[in-house]
Amino acid sequence: MEATIGKVFDSVSTFFSGVASGSSDEFPLCDTDIISGCEKELAEAQKGQDEGFKKESIMRLSWALVHSKMPADIQRGIAMLEGSVVSDTSPMTLREKLYLLAIGYYRSSDFSRSRESIERCLEVEPEWRQAQTLKTAIEDRIVKGKPYDDGVIGVGIAVTAVGIVAGIAAALVRRG
């Protein structure tokens with residue numbers, strides 16, 4: 001598990017350093033090892049009684065899937081998020097899920113659905129700069145058909161990446 005966390009940190013570090021990720025977008029990417037680690041964590045969480053830990057594990061796995069290098073993983077992440085958005089009552093969690101859905105759709109080149117998700121996200125939290133920045137990038141892709149703007153999404157995505165990494169580290173510390 002420590003190796004998986006190391007890879008997450010490397011992914012975030014690569015993102016911050018601006019080293020080319022081999023992808024045409026500015027989102028941090030997750031490889032299959034990170035996704036496997038999140039899947040194992042979720043399997044463990046489902047054995048326990050801590051509902052909060054289960055929800056955190058699902059969110060981490062969803063985040064990893066929509067940031068995957070593999071289109072099939074992105075689609076899995078979208079499906080997980082679509083299924084869970086319907087039943088969510090917490091505005092903060094709903095906002096995060098809608099944002100991740102928008103990223104998944106964006107990375108799948110489904111820009112109209114990405115825009116719908118980000119607009120719903122902004123209904124929950126109108127002043128969220130990260131979502132506003134993603135909305136701008138989505139609209140640029142739709143209206144102008146131009147490639148991803150370098151650095152447009154950067155700060156918002158970085159905040160999400162750091163939050164996920166901190167969540168993984170906290171979960172591991174909790175498990176002892």
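**Salt bridges and burial**

Modeller: Arg 60 counts as buried, at 4% relative accessibility. Buried means under 20% relative accessible area, exposed over 50%, and partly exposed in between (1.4 Å probe, protein chains only).

Biologist: Before we go on, what should I know about the model and the numbering?
Modeller: This is a predicted model: local features need pLDDT of at least 70, side-chain atom pairs count only at pLDDT 80 or more, and totals for chains, interfaces and linings use all residues. Residues are numbered from 1 along each chain as its sequence is written, and side-chain values use heavy atoms, with hydrogens and water left out.

Biologist: OK. Which side chain does Arg 60 meet in a salt bridge?
Modeller: Glu 41, at 2.9 Å, N to O. Arg 60 is in helix α3 (residues 51–66) and Glu 41 in helix α2 (residues 32–47), so the pair ties together parts 19 residues apart in sequence. Helices here are DSSP runs (H or I, at least four residues), numbered from the N terminus.

Biologist: Is Glu 41 buried or exposed?
Modeller: Buried, with a relative accessible area of 2%.

Biologist: How many salt bridges does the structure hold?
Modeller: 10. A salt bridge is a side-chain nitrogen of Lys or Arg within 4 Å of a carboxyl oxygen of Asp or Glu.

Biologist: New topic. Which residues are linked with Glu 39 in a network of salt bridges?
Modeller: Asp 73 and Arg 76. The closest N and O atoms of Arg 76 and Asp 73 are 3.5 Å apart. Both sit in helix α4 (residues 71–85), three residues apart, so about one helical turn separates them.

Biologist: And how accessible is Arg 76?
Modeller: Partly exposed, at 37%. Asp 73 is buried, at 12%.

Definitions and conventions:
Helices (H or I, at least four residues) and strands (E, at least two) are DSSP runs, numbered from the N terminus.
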